[in-house]
Amino acid sequence: MLSTGLKIGAKISQNIQAGYNMISVVVPVHNAPVSLERCLQALAASDYADFEIIVVDDCSTDDSAAVGHRFPIRLLSLSGKPFGPAYARNRGAEAASGDIVCFVDSDVLVHPQTIGKIAQTFILHPEYAATFGSYDQDPGEGDFLSQYKNLTHHFVHQQAKHDAATFWSGCGAIRRDVFLKMGGFDADRYPRPSIEDIDLGCRLVQAGFRIYVNKEVQVTHLKRWTLKGWVKTDILDRAIPWTRLIMRQRNMPNDLNLTTGQRLCALLVMLMLLLIISTTPLIPLISLFLLTPLALLLFAHWQLTPGPMFARGHYRLGILVFTLLLAISILSVVGTIPELLIPLALISLVCLGGAVFVRPAPTVKAAAFALLVLAVAAGYGILFFTSSWITGTAILGILLFVALFNLPLLSFFARRRHIWFALASFLFHLLYYFYSLTAFAIGAGLHFRDTKLKFQGTSL
């Protein structure tokens, strides 16, 4: 590893101009040796010369610490039970020697120019106290859900205003003196991965500091998303805590994914769901609620990179979905479900059967995926118009409005992947709007409960 350190020291720094910034890169890690090794390899390949790497091992029970020892870094090992990334980052920042503290997640790969661009941001924009970037357009995982999540993050950050109201710790940097003055991340309130970075950003802005979104700073995300992990992370760890933060500060940002248009879309999607529940007969309604999780499960585990349609380890799930779709077909034949759903079920069975039991060529895979998207869309259309043309027209109008509002995002998906990827993404975006509004209501309720309890405690 000595040769790696010499190579780093021999590189030409990108800060050859007035101003000088020593950067301390802080990487918190907990039981992630594989991604940590790739993360440190990427940092070692940086074009920027003058920086140190501090890895904070948050009580890992595997060989994450051993991976750190193989690189020219400073390793801080915490003991006991895991304290969470907020606490780990704080310890790393306290031990840092640099003027700038750059936080990089252990499942993130920086580009060779990333650290240099961060340094240049503070040189060219001395009025800013912090900066952050975004994920790039090439996620490390090839399944549909991971691609959808990372590309959405990339698009949202790339469309954001340059002056941010929050902070992002996946790849974000802050002046060390400002960070320490603000008390760092709130590790007491956020002992597990949550919105500790958003909270810090809000406190920075309230204190009069400015945060710069540098859209040229992009990193590769290695995380593999699952449907369960997505909903858990976005609802329990992000949406609900963020709502409570908004309520405490009485300030609703109009940026990133909290714009007025996004909030309107969430309200319309909830209205659409209420229309469906209140006007659709029982059997078609059951069919709709059966098809929805099946479609989500199916698309979430679709493998877009070369190989089987389902990622390795998801064949059991594929067979389960196949069996449930077969049940839909049987029910359709006996007349329990509207007859027009029979073509939907048959098309899905054929495509899914090929996905589970064979390894088709990429072009055949794309065609099968497109047929499935269209089949599910056709099934929804049939169910919407089964009971009431008026209700169906209203639902169609809401869908068209939401689609048109998100046309830039869907067009981006179509350009970066394919049109069928964009169509499938629309279903997940509807789910995102639904649970975002639901989580907002839950978060608001919890805030008012806490406020009431605090008030009662004060009165006593």
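Guide: A residue is buried under 20% relative accessible area, exposed over 50%, and partly exposed in between (1.4 Å probe, protein chains only). This is a predicted model, in which local features need pLDDT of at least 70, side-chain atom pairs count only at pLDDT 80 or more, and totals for chains, interfaces and linings use all residues. Residues are numbered from 1 along each chain as its sequence is written, and side-chain values use heavy atoms, with hydrogens and water left out.

Visitor: How many salt bridges does the structure hold?

Guide: A salt bridge is a side-chain nitrogen of Lys or Arg within 4 Å of a carboxyl oxygen of Asp or Glu. The structure holds 15.

Visitor: Which residue does D237 meet in a salt bridge?

Guide: D237 meets R192, at 2.9 Å from N to O. The pair links distant parts of the chain, 45 residues apart: R192 lies in the loop between α7 (176-181) and α8 (196-206), and D237 in helix α9 (residues 227-249). Helices are DSSP runs (H or I, at least four residues), numbered from the N terminus.

Visitor: Is D237 buried or exposed?

Guide: D237 is buried, at 8% relative accessibility, whereas R192 is partly exposed at 39%. Elsewhere, salt bridges with shared partners join R89, D105 and E196 into one network.

Visitor: What separates E94 and R91 in helix α4?

Guide: About one helical turn, because they are three residues apart in that helix (residues 85-95). E94 is partly exposed at 43%, and R91 is partly exposed at 22%.

Key
Helices (H or I, at least four residues) and strands (E, at least two) are DSSP runs, numbered from the N terminus.
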